[in-house]
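Hi,

Here is the structure I said I'd pass on.

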Amino acid sequence: MKFGLVTAILDKYDYEQMIDATAAAGFSAVEVACWPAGKAERRYAGVSHIDVARVLEDEAYAAHVLSYAAEHGIEISSLAFYPNTMDADPEKRAAVVAHLMTVIRASAKLNVNMVTTFIGRDQTKSVEENLELVKEVWPPIVALAEELGVKIAIENCPMLFGRDQWPGGQNLMTTPANWKKVFEILPGPNLGINYDPSHFVWQMIDYIKPLYTFRDKIFHVHFKDIKLYRDKLDEVGIMAYPLDFMSPKLPGLGDVDWSKFVSALTDIRYDGYACLEVEDKAFESSEQKVLDSLTISKRYLDQFVI
C-alpha cells in the first residue's frame, strides 16, 4: 500500500505549500482536492489545490504540477471532487457533473487516472427513485472515464449529518446492498469504491466483510476514524442526526480496529493508495494543530502500513 493524505484539510495552503507539508509529514502520496473556485457549501469542500481547467489548457502548469510533486517524492493518488451529482436542482446537478467531467479529463491528462467522488443522491427521493436517476445521470460520466482510461472511486459516506441533508442524505452508495444495485446498473470496470471504514461504524455495518466481497472493486482507501458516543445514542437513537451521537476522529482515537482493517486489506492483496482523511474538530483550532494531526496520525498508522 502507498500511504497518502487527503489534501482538503490543508485548505489554507496553495499547491506547493501543500506538497511541502505533505512531504515534511512523511507521506508518499496525495489525494488532491479539485473543487471549482468559489465558496464552499460545507466543511472540507471548496478546496482547490489543482486547477483542473488550467491543467487542460496550460501545458507548463500541468508539467509543474507533476514535477513539483515528483521532486518531493510525492505521487498523486487521485483527483478528488465530492459533490452531489444527483442534486434535486437541475442547474446545480448540471454544474457539478460538468466539473466532474473536467476532473476526469485532467486526471487522464496528468496520467493519474483516478478520480474520487460521490455518486450523489436526491435526498428527497427513495432509494428506488435514485437508482432510476443513476441511469439518467451516470452513464455519460462512466463512458468518459472508460474512454480516457480513468477509474472512478465512489466513497461510501452517506453525506447525512445534519438537518440540511435530511432525510435521505446526498450519496446513494453507502452500503454493500446499494453498491450491488449501482454496479448492476453500471457494470463496467472503471467504476469502483473509495473505501472508508469509519462510515460503516456509525451505520452499524461490518466494516471488514465488504472488503472481501468487493475486493475487485476497491480502487482507493481512506484512513479515517469515527467515535460513537453510546450514551448519546441511548438518548437520541439511530433516527437522530448522526452528529448527535458520533464524531470523526483521527485514526486510533475512534472505534475502528485498524489492525484488523489493514490485515483484511493485506488478505485481499490491496496494493493501491490509502489516504489519511482528517476531519477531527479537536485538531482544527490552529494551523499547528492541523499539522500535528498529520504527524500523530502518521505515527500511529506507521505500525500497520510501511
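**What I found**

M204 sits in the loop between α7 (198-202) and α8 (209-213). Before going on, a word on the ground rules: this is a predicted model, where local features need pLDDT of at least 70, side-chain atom pairs count only at pLDDT 80 or more, and totals for chains, interfaces and linings use all residues. Residues are numbered from 1 along each chain as its sequence is written, and side-chain values use heavy atoms, with hydrogens and water left out. The helix and strand names are DSSP runs numbered from the N terminus (helices are H or I with at least four residues, strands are E with at least two).

Back to M204: its phi is positive, about 65°, although M204 is not a glycine. With 43% relative accessibility, M204 counts as partly exposed; buried means under 20% relative accessible area, exposed over 50%, and partly exposed in between (1.4 Å probe, protein chains only). R269 also has a positive phi without being a glycine, near 60°. You'll find R269 in the loop between α10 (258-267) and β10 (273-276), and at 65% relative accessibility R269 is exposed.

P167 belongs to the loop between β5 and α6.

Now for helix α5, which covers residues 127-148. It has 22 residues and spans 30 Å from first C-alpha to last, close to the 32 Å expected at 1.5 Å a residue (the expected span is 1.5 Å times one less than the number of residues). Look for a kink of about 45° at W138, shortly before the proline P139; the bend is the angle between axes fitted to the seven residues ending there and the seven starting there. Buried residues in α5 include L133, V137, W138, I141 and L144. Their cover includes α4 (90-109), β4 (114-117), β5 (151-155), α6 (176-185) and β6 (191-195), with contact meaning heavy atoms within 4.5 Å. Just after α5, G149 has a positive phi of about 75°.

How do α4 and α5 pack? Their angle is about 20° and their axes are 9 Å apart. Axes here are lines fitted to C-alpha atoms, for helices over the stretch in contact, and angles run from 0 to 180 degrees between N-to-C directions. The two helices, α4 and α5, are therefore roughly parallel (under 35 degrees is roughly parallel, over 145 roughly antiparallel, 65 to 115 roughly perpendicular and the rest oblique). The crossing of α4 and α5 is right-handed, i.e. the near helix is turned clockwise from the far one by less than a right angle, with anticlockwise being left-handed.

N113 lies in the loop between α4 and β4 and is partly exposed, at 22% relative accessible area. Leaving out residues up to four places away in sequence, N113 touches S107, A108, L148, G149, V150 and K151.

Finally, L10 is in the loop between β1 (2-6) and α1. L10 counts as buried, at 2% relative accessibility, and among the residues it touches are M18, H49 and L294.

Cheers
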